[in-house]
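Welcome, and please open your viewer. We will go from one selection to the next and see what is there.

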Amino acid sequence: MTLPRLIIYEDSEHTDTIFETFELSDHSITIGSDPDNHLILKTPEIDSSHASLELRNNEWILQDLGSPHGTMVNGETIEGPHSLYHDDLIELGYIKMRFQDPERSVTKEFPRSAPQEQDEHENEHTHRHEHKGGVVHISGRIWFATVATATIAVIFIIIFLLIFAQVLGVIDLGRLVPP
């Protein structure tokens, strides 16, 4: 059985120079310039935690982690989790990688929403960011910031309600604090 792998290379005019072959032996891979990553790419356009690659339900999922230079698959910037197929071209800044997984070499299926009227001036980029089932996927750092903000808001609401209950005489906050 051949493990899925990333082939990191330089694309020149008529030849591809392979720098490294990285086998995906773990189910979760982090990619970035920081030494704590599984795949370390030391170039200025790679963020310290640039992207992640995770095996979910027999499917390799690539996700940008909020890097300033973004992550592209087959020439399109990805936003949120993105399924990879055999021979997909991944670009992290100027680094190019070819995802190879012979078990995923089947024809790609592109889920479509209900047919829509299209203006004759629409181009191929119009539907680039469609999301399955109308759910918008948020990238890692933005998701974390959203959850952190919501958590802080809930804490402030609880504190406000406790103070309000104290003022109304419903509870005694002094009894809630241990001696």
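This tour begins with the whole chain and then stops at a few places.

**Before you click**

This is a predicted model, in which local features need pLDDT of at least 70 and side-chain atom pairs count only at pLDDT 80 or more, while totals for chains, interfaces and linings use all residues. Residues are numbered from 1 along each chain as its sequence is written, and side-chain values use heavy atoms, with hydrogens and water left out.

**Select everything**

Color the model by pLDDT, the predictor's confidence in each residue, from 0 to 100. The protein averages 75, and 72% of the residues score at least 70. Now pick residues 110–140, where the pLDDT is below 50. Where pLDDT is low, the predicted coordinates should not be read in detail.

Switch to a cartoon view: the protein has eleven strands and two helices. These are DSSP runs numbered from the N terminus, with helices being H or I of at least four residues and strands E of at least two. Along the sequence, the pattern is β-β-β-β-β-β-β-β-β-β-β-α-α. Of the 179 residues, 27% are buried; buried means under 20% relative accessible area, exposed over 50%, and partly exposed in between (1.4 Å probe, protein chains only).

**Select Glu 54 and Arg 56**

Which side chains meet in a salt bridge? Those of Glu 54 and Arg 56 do, at 3.5 Å from N to O. A salt bridge here is a side-chain nitrogen of Lys or Arg within 4 Å of a carboxyl oxygen of Asp or Glu. A search of the whole structure finds one. Glu 54 is partly exposed, with a relative accessible area of 29%, and Arg 56 is also partly exposed, at 33%.

**Select Glu 91**

Glu 91 sits in strand 10, residues 89–92. Is Glu 91 buried or exposed? Glu 91 is buried, yet has no salt bridge; the nearest side chain of opposite charge, Lys 96, is 4.5 Å away. (Lys and Arg count as positive, Asp and Glu as negative; His and the chain ends are not counted.) Leaving out residues up to four places away in sequence, Glu 91 touches Gly 70, Thr 71, Met 72, Gly 75 and Lys 96, where contact means heavy atoms within 4.5 Å.

**Select Phe 156**

Our last stop is in helix 1, residues 140–168, where you will find Phe 156. Phe 156 is exposed, with a relative accessible area of 57%.
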